[in-house]
Amino acid sequence: MKLSSATALIAGGASGLGEATARRLASCGANVVLFDLNVERGQGLAAELGPGVRFAGGSVTEEEAVLAAVERAQTDFGGLRIAVNCAGIATPGRILSRFGPLPLDQFARVVEINLVGTFNVLRLAAAAMQRNEPDEQGERGIILNTASIAAYEGQVGQVAYAASKGGIVSMTLAAARDLAQWGIRVVTIAPGLFDTPLLAGLPEAARQSLAQQIPFPSRLGMGEEFAALAEHIIANPMLNGEVIRLDGALRMGPR
Ligand SMILES: NC(=O)c1ccc[n+]([C@@H]2O[C@H](COP(=O)([O-])OP(=O)(O)OC[C@H]3O[C@@H](n4cnc5c(N)ncnc54)[C@H](O)[C@@H]3O)[C@@H](O)[C@H]2O)c1
């Protein structure tokens, strides 16, 4: 997929890994529609990056809002070829605490945003991509999801988050198989620990301690490193149906 002539929808594009990906794709000449709940940050980033970047507000869990963002790609830029799923939440919660069992709605909310939201963007983006003319490789689109290494090594207090990210991992090959007949690829990145606003709330000592658990390089990952992999995945048509860990060899312990 050639980035210079493509339009990307980036869900969760107003912050962190999504923002870094938006900056990278825009710098490669792609048009970008940022889709995010955070209107202020999304509008600010779109204004900063210029006329090739637009913002559409809403939640990944809402059909109408995602459809409107997909249509924005069509009306403003003539079509959608790339969808990047970066929207997500990481609300912690143990199964049993002094307050009793983890409330079901707390578990369901994390799964609803991270897993169902990712699928919502995937299916609506795929429906739009299906109408694209194939490029010279026969490709109509690429959908890039974000899981987490918590899908494999969920820590204490991460039961909902790990389940939601495990769902994204399992969905990847099935979705790639479903969409192969239209020349639409599906690839997932499973990041380790990245320095984004998601981790910024932690005290510096906790951030340092997390970084030291990473074999090499022993530091938090940078958004640009995630974005560089996203760019490569988009460009390389043989990458399909795969989940790629991006974690400096980190294997998380129980806590
Ligand atoms: N930072 C890390 O270390 C790390 C590690 C593994 C996986 N991840 C995953 O990467 C993704 C991006 O995380 P990040 O670190 O950039 O976090 P972030 O909080 O900086 O960015 C997440 C963005 O998603 C948006 N968002 C949240 N819920 C939404 C919804 N319902 N609809 C639309 N937008 C919504 C937020 O407004 C925010 O702009 C998440 O899925 C996260 O689980 C992050």
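R81 has 27 C-beta neighbours inside 10 Å and therefore counts as buried. The model is a predicted one, and R81 is found in its loop between α3 and β4 (82-85).

**R81 and Q130**

- Not counting residues up to four places away in sequence, R81 touches M1, A6, T7, M129, N132 and G141.
- R81 and Q130 are 49 residues apart in sequence, and their C-alpha atoms are 9.4 Å apart in space.
- Q130 belongs to the loop between α4 and β7 (141-146).
- Q130 counts as partly exposed because it has 14 C-beta neighbours inside 10 Å, a number between the limits of 12 or fewer for exposed and 20 or more for buried.
- The contacts of Q130 are R140 and W182, again not counting residues up to four places away in sequence.
- From Q130 to T21, 109 residues apart along the chain, the C-alpha separation is 23 Å.

**Helices α3 and α4**

- Helix α3 covers residues 63-77 and helix α4 covers residues 104-129; their axes come within 10 Å and cross at roughly 35 degrees.
- The crossing in which α3 passes α4 is right-handed.
- On the α3 side the contact involves E63, V66, L67, V70 and Q74, which meet N120, V121, L124, A125 and A128 of α4.
- The residues of this contact divide into seven nonpolar, two polar and one charged.
- D76 is also found in helix α3, and it counts as partly exposed, with 14 C-beta neighbours inside 10 Å.
- D76 and A6 are 70 residues apart along the chain, and their C-alpha atoms are separated by 12 Å.

**Ligand shell**

- There are 29 residues around the ligand, of which G12, S15, G16, G88 and T196 come nearest.
- Helices α1 (16-27), α4 and α6 (197-200) are the elements that give two or more residues to this shell.
- By class, the shell has 16 nonpolar, twelve polar and one charged residues.

**Helix α1**

- Helix α1 has twelve residues and reaches 17 Å from its first C-alpha to its last, close to the 16 Å expected at 1.5 Å a residue.
- Ten of the twelve residues of α1 are buried, so this helix is largely enclosed by the rest of the structure.
- The buried residues in α1 are G16, L17, G18, E19, A20, T21, A22, R24, L25 and A26.
- G29 follows α1 and has a positive phi, near 100 degrees.

**Other backbone features**

- The peptide bond from F216 to P217 is cis, with omega near -5 degrees.
- P217 lies in the loop between α7 (204-212) and α8 (223-235).
- A249, a residue other than glycine, has a positive phi, near 70 degrees.
- The location of A249 is the segment after β9 (243-246).
- A249 has 10 other C-beta atoms within 10 Å and is therefore exposed, the limit for that class being 12 or fewer.

Technical notes: Residues are numbered from 1 along each chain as its sequence is written. This is a predicted model: local features need pLDDT of at least 70, side-chain atom pairs count only at pLDDT 80 or more; totals for chains, interfaces and linings use all residues. Axes are lines fitted to C-alpha atoms, for helices over the stretch in contact, and angles run from 0 to 180 degrees between N-to-C directions. Helices (H or I, at least four residues) and strands (E, at least two) are DSSP runs, numbered from the N terminus. A crossing is left-handed if the near helix is turned anticlockwise from the far one by less than a right angle, and right-handed if clockwise. Two residues are in contact if their C-beta atoms, placed from the backbone, lie within 7 Å. Ala, Val, Leu, Ile, Met, Phe, Trp, Tyr, Cys and Pro count as nonpolar, Asp, Glu, Lys and Arg as charged, and the others, Gly among them, as polar. A residue is near a molecule or strand if its C-beta atom, placed from the backbone, lies within 6 Å of it. The expected span of a helix is 1.5 Å times one less than its number of residues.
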